[in-house]
Amino acid sequence: MISLTLKRPEYPNYQYLCKVCSVHIENVHGAYKHIKEKRHKKNMTEKQEETELRALPAPSAGQLRAVDAAVMEMARQQGISEQDFEERASVVARMEEVIKTHLSGRAPGGDIISWL
Ligand SMILES: [Zn+2]
């Protein structure tokens, strides 16, 4: 990842550029030294991981089925039951009824505090 640079006027004394670290390096000796630095190694590892993640193939049909099965199993274990769902739906229906009863005939923005 270290390449020779064309001499740039802003870096007249630097021959190399580490593209991973965006660091200009003076000479071959400096380049050898740089690739042994912790910071460079860390950046190389991160760059490699990024490259590998981008290169991951799309999931296969089998993998998608496995994810589906895992999600369905989780929903079965953690999700709400039909009975809970119906109870909640009936609470919503009762609430709607209460609200309609108390708000009917009132002008929008009228006195709704009194029934709360
Ligand atoms: Zn570097």
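These are my notebook entries on one predicted protein model.

**Ground rules.** I number residues from 1 along each chain as its sequence is written. Because the model is predicted, I take local features at pLDDT of at least 70 and side-chain atom pairs only at pLDDT 80 or more, while totals for chains, interfaces and linings use all residues.

**Overall layout.** I looked up the secondary structure and found 4 helices and 3 strands in the protein chain. Helices here are DSSP runs of H or I with at least four residues, strands are runs of E with at least two, and both are numbered from the N terminus. Along the sequence I read the pattern β-β-β-α-α-α-α.

I checked how many of the 116 residues count as buried, and the share is 3%. A residue is buried with 20 or more other C-beta atoms within 10 Å of its own, exposed with 12 or fewer, and partly exposed in between, with C-beta atoms placed from the backbone. I then took contacts (C-beta atoms within 7 Å). Of those between residues at least 6 apart in sequence, 11% join residues at least 24 apart.

**Helices.** I compared spans with the expected value, which is 1.5 Å times one less than the number of residues.
- α2 (38-54) has 17 residues and reaches 24 Å, close to the expected 24 Å; its count of buried residues is 0.
- α3 (61-78) has 18 residues and reaches 26 Å, close to the expected 26 Å; none is buried, so α3 lies largely in the open.
- α4 (82-103) has 22 residues and reaches 31 Å, close to the expected 32 Å; α4 is hardly covered, with 0 buried residues.

**Ser-22.** I found Ser-22 in the loop between β2 (16-18) and β3 (23-25). Ser-22 has a positive phi of about 55° although it is not a glycine. Most residues other than glycine have a negative phi. Ser-22 is exposed, with 8 other C-beta atoms within 10 Å.

Terms used:
Contact = placed C-beta atoms within 7 Å.
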